[in-house]
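Please keep the viewer open as you go.

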There are 2 protein chains.
Amino acid sequence: MSFCLPLQDQFDTLEKHTQWGIDILEKYIKFVKDRTEIEINYAKQLRNLAKKYQPKKNSKEEDEYTYSSCRAFLATLNEMNDYAGQHEVISENMTSQITTELARYVQELKQERKSHFHDGRKAQQYIETCWKQLESSKRRFERDCKEADRAQQYFEKMDADINVTKADVEKARQQAQLRHQMAEDSKGEYLSTLQKFNHEQREHYHTHIPNIFQKIQDMEERRIIRIGESMKTFAEVDRQVTPIIGKCLDEITKAVDSIDPKHDSQLVIDAFKSGFEPPGDVDFEDFTQPIKRAISESSLSNSKETKSESRFSSKSKGKLWPFMKKSKLMVLFEI
Amino acid sequence: MSFCLPLQDQFDTLEKHTQWGIDILEKYIKFVKDRTEIEINYAKQLRNLAKKYQPKKNSKEEDEYTYSSCRAFLATLNEMNDYAGQHEVISENMTSQITTELARYVQELKQERKSHFHDGRKAQQYIETCWKQLESSKRRFERDCKEADRAQQYFEKMDADINVTKADVEKARQQAQLRHQMAEDSKGEYLSTLQKFNHEQREHYHTHIPNIFQKIQDMEERRIIRIGESMKTFAEVDRQVTPIIGKCLDEITKAVDSIDPKHDSQLVIDAFKSGFEPPGDVDFEDFTQPIKRAISESSLSNSKETKSESRFSSKSKGKLWPFMKKSKLMVLFEI
């Protein structure tokens, strides 16, 4: 035992280490839960964004969505909703494929860990019991040897004493023989207990305890594999939505590609054209002709302002413009 | 003018429509700003998440990151930080490439719009002024014709009256001639004003106003193209970070792939091994030999319990286990 180092409580150490392993798992579960909440929150904000800018139902705003640019914006809003949905998918899949699974696994792991340390302590108690039996067996043999020795010395003393009766010598001889026999019996029992102890001790250190440690090691390695799988799922769940988010973005681009400024202009022309033809040239009114004079006189006072209005405005503010319904020359936005 | 429809205030309508176009642009700017805030907020939460689970500096926790599974978690945290960074990039690029640009453009657009409507109103005022000149010119001609007519009637009346002097007849004749001449002059001026008005009116309806409407239409179409470009950028900015986010996810997977349960076990073995060899077989102590007796007697009373302790525990609670430093048979986790 030349390489002997101070004894250590290996089971305590391993108990602490495996508890740390469970803590790490629970920390990871908490981490993923936090992430799912962030995703849910992000998705909620994106959905609110899409809702906030949605045209109000049955309002004038809805009509605006006949314009291609407005339709592209509407498509953007709808795609933002789908985009949000994908982040909800991240959250849902992380919950079902990671946190729920790992939480169940942690319970199993706690049970398994408990059972290994229980087995370890039981083996420990058993070998201690064997040791106590050996000690007790050895002490009995030692005591019996002393008794035999003492009986032998007494017999030898009696045998050498000339004042002692033969009967007393014989009694002492028999007593010594009996004690010797008893010591021989104790020796036999001690030898058999020692043999049994050495066998159990070898089993304990070379089979039982190594087996338990191996099981703990296997458990630990399974825990590490399991957390690794979850970490991979963590990235995978995220990666899975990437192409769908990509499609959302493509849909926005596609909607934008169908924006048609000329078409939108035509809608404005169709909606706002007056259908009024531009006035032709004003005719010369010849007041030198006596025939026309009477007409001029009757219409003069009340027609001049009306005429001015009808030419340029309907409400006398001079802001209204008449245009043709169809013309080679000019329609609102249509040349 | 058979297709004449009621007059409409085309400029008012167009002013309203182009204002709506500006409102749409400003609404889109607001939408993108809202999106950038959501991205900033999302990134902030992801950064906080990464920070929250980071091992505390100079603590025992830091040592834990010698384990490959802990290192994979640390890599996950670091990648989440980069992931957050990409959403900050979305926010920054949307701000610089969309909101800042569009905000500047809206200012230009407002200026341009103002100038077109100013030109339109100026043209409107000009043609109204021409119309008023024509009306006034026509009224003067009409009035002068009346005066000439009246002077002619007066002259004819005087000429027929036998009680009137020749001088008075001559005066009335000259007066009638003068009035006739004045009416002729007014007619000439009226004709020229009419000719000018008809020219200006044709220019107005067939050139000036169509030009202004065309400019407004161009402006509108540029606005639609511009908002379309921004909408495309909106998707593009998002699309650009996708491969980088993909790399973050790949880095997580890569870190997970280097998780090595056997290596982590070895670290535990190296850290916790006791270096204590399992005890060998216990020897038989023969108390039947008188020589051994003296040794046995002196060590018996105080050594038996100590021996029991040194075999299984250092603190008498029977929990401590000795193991070998190196052994073919059994080391903690190493078989």
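**Exercise 1.** Find how many cavities of 30 Å³ or more the structure has, and describe the lining of the largest cavity.

*Solution.* Start with the count: there are eight cavities of 30 Å³ or more. A cavity here is a set of points on a 1 Å grid over the protein atoms alone where a 1.4 Å probe fits but cannot get out, and lining residues have an atom within 4 Å of a point. Grid points are joined across faces, edges and corners, and a volume is the space filled by probe spheres set on the points.

Next, take the largest cavity, which holds about 150 Å³ of space. It is lined by 15 residues, and those closest to its centre are Thr242(A), Ile245(A), Tyr83(B), Thr242(B) and Ile245(B). Helix 3 (68-160) and helix 4 (166-257) of chain A, and helix 3 (68-160) and helix 4 (166-257) of chain B, each give two or more residues to this lining; helices are DSSP runs (H or I, at least four residues), numbered from the N terminus. Helix 4 of chain B provides the largest share, five residues.

A note before you go on: this is a predicted model, in which local features need pLDDT of at least 70 and side-chain atom pairs count only at pLDDT 80 or more, while totals for chains, interfaces and linings use all residues. Residues are numbered from 1 along each chain, chains are lettered from A in the order in which they are written, and side-chain values use heavy atoms, without hydrogens and water.

**Exercise 2.** Work out which side chain makes a polar contact with Asp144(A).

*Solution.* First locate Asp144(A) in helix 3 of chain A. Asp144(A) is buried and has no salt bridge, its nearest side chain of opposite charge being Arg143(A), 4.4 Å away. Buried means under 20% relative accessible area, exposed over 50%, partly exposed in between (1.4 Å probe, protein chains only), and a salt bridge needs a side-chain nitrogen of Lys or Arg within 4 Å of a carboxyl oxygen of Asp or Glu. The partner is the side chain of Ser186(A), at 2.2 Å; a polar contact is a pair of N or O atoms within 3.5 Å, one able to donate a hydrogen and the other to accept it.

**Exercise 3.** Where in the chain do Arg222(A) and Glu112(A) lie?

*Solution.* Their side chains form a salt bridge (2.9 Å, N to O). Arg222(A) is in helix 4 and Glu112(A) in helix 3 of chain A, 110 residues apart. Arg222(A) is partly exposed, at 39% relative accessibility.

Key:
On a 1 Å grid over the protein atoms alone, a cavity is a set of points where a 1.4 Å probe fits but cannot get out, and a pocket is an open set with protein on both sides within 12 Å along at least five of seven lines; lining residues have an atom within 4 Å of a point. Ala, Val, Leu, Ile, Met, Phe, Trp, Tyr, Cys and Pro count as nonpolar, Asp, Glu, Lys and Arg as charged, and the others, Gly among them, as polar. Lys and Arg count as positive and Asp and Glu as negative; His and the chain ends are not counted.
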